[in-house]
Amino acid sequence: PMLKHPREEKTISGLELILEHFKTLGSLQKNKKIAERIVKLLSLGTKLKECRTKIISFKGTNILTTKLIEFLPFYETQEGALIDSLIFILEDIIIEANKSSTQLSLQTNVVDISHIRKLLERLSQTCEEMMTAKESIAKPAKYVGALTRILPYLADSSPEGREALVKYFKDWSRFEELDTCKDVSLKQKLQYHAARLVEITESLPSTVSLIREALVTFQVFDTVVDDICARVSFATIENEAELGKWGSGTLVLLKLLHGMCKS
């Protein structure tokens, strides 16, 4: 429905009012019930293409990302389900923006660089928490996968965002150590972040300029191809059983190459 804004002489939609209210919502601890209702409404609304495109046109991506950053510290309390829902809402909106025939651009929804850094930090914190709890790093919470799927799109909204994601790639592109590292703790971190790099690469759309800047300008693509060629003689691979002879680092490199080519 279209409504009159109480303070301005203009007509706005109920969806825009919801976003405006969400934007000004105080702390999650004091406003949990309201936050839950807003997220529930947005979750239901974003099942419709029209609502997803409207949120993009309202520059709602940045509002939702801002609230996500505010809520993330409470993930390990009782707010995990709420935060998961918010992440999945963002994912649906971003997928819509990428496939839209009208090319709805997320460039108009510039995400603060500090938010991108905090999302990347959250990925690292999750690894530390899983290791402390002695959980399998191969099976992180569902929100981790969703975060890695939306990060390329959010980061691509600004040069600083792309730079932050490039730095994450460069920090954790330590594939040789996956096979040679003797430190159990470090090896777990390398395995965890290698999996995140693969997920991020698989999520890169062909239209995101991050591919050019991160994978070409910073020679990530060349490094991956050169590393694979140095490790593997494809002429000797005659059957699938030979894959078992390849190290973890090589398999990760092949997955990265697949993601880059798919992009």
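Reader: Which residue lies over the face of Tyr192, and how far is it from the ring centre?
Author: Arg196 lies over that face, at 4.6 Å from the ring centre of Tyr192; a charge counts as sitting over a ring if NZ of Lys or CZ of Arg is within 6 Å of the ring centre and within 35 degrees of the ring normal. This is a predicted model, in which local features need pLDDT of at least 70 and side-chain atom pairs count only at pLDDT 80 or more, while totals for chains, interfaces and linings use all residues. Residues are numbered from 1 along each chain as its sequence is written, and side-chain values use heavy atoms, with hydrogens and water left out.

Reader: And what sits over the ring of Phe22?
Author: The charged end of Lys67 does, 5.9 Å from the centre of the Phe22 ring.

Reader: How many aromatic pairs are there?
Author: The count comes to one aromatic pair, taking rings of Phe, Tyr and Trp (its six-membered ring) with centres within 6.5 Å, where planes under 30 degrees apart are stacked, over 60 edge-to-face and the rest tilted. Phe22 and Phe71 form this edge-to-face pair, with 6.0 Å from centre to centre and 65° between the planes. Phe22 belongs to helix α1 (residues 14-23) and Phe71 to helix α4 (residues 60-71), so the pair ties together parts that are 49 residues apart in sequence; helices here are DSSP runs of H or I with at least four residues, numbered from the N terminus.

Reader: Is Phe22 buried or exposed?
Author: Phe22 counts as buried because its relative accessibility is 0%, the cut-offs being under 20% relative accessible area for buried, over 50% for exposed and partly exposed in between, with a 1.4 Å probe and protein chains only. Phe71 is also buried, at 1%.

Reader: Which residues touch the most other members of the largest nonpolar core?
Author: Phe22, Leu42, Leu64 and Leu68 do, out of 63 residues in that core, which is a set of buried Ala, Val, Leu, Ile, Met, Phe, Trp, Tyr and Cys residues joined through side-chain atoms within 4.5 Å. Leaving aside neighbours within four places in sequence, Leu68 is in contact (heavy atoms within 4.5 Å) with residues including Ile83, Leu90, Leu119 and Leu147.

Reader: Changing topic, where does Lys134 lie?
Author: Lys134 is in the loop between α6 (113-132) and α7 (142-155), and it counts as exposed, at 77% relative accessibility. Its phi is positive, about 55°, although Lys134 is not a glycine. Most residues other than glycine have a negative phi.

Reader: What follows α3?
Author: Lys59 follows α3, and its phi is positive too, near 60°.

Note on methods:
Helix = DSSP H or I, 4+ residues; strand = E, 2+ residues; numbered from the N terminus.
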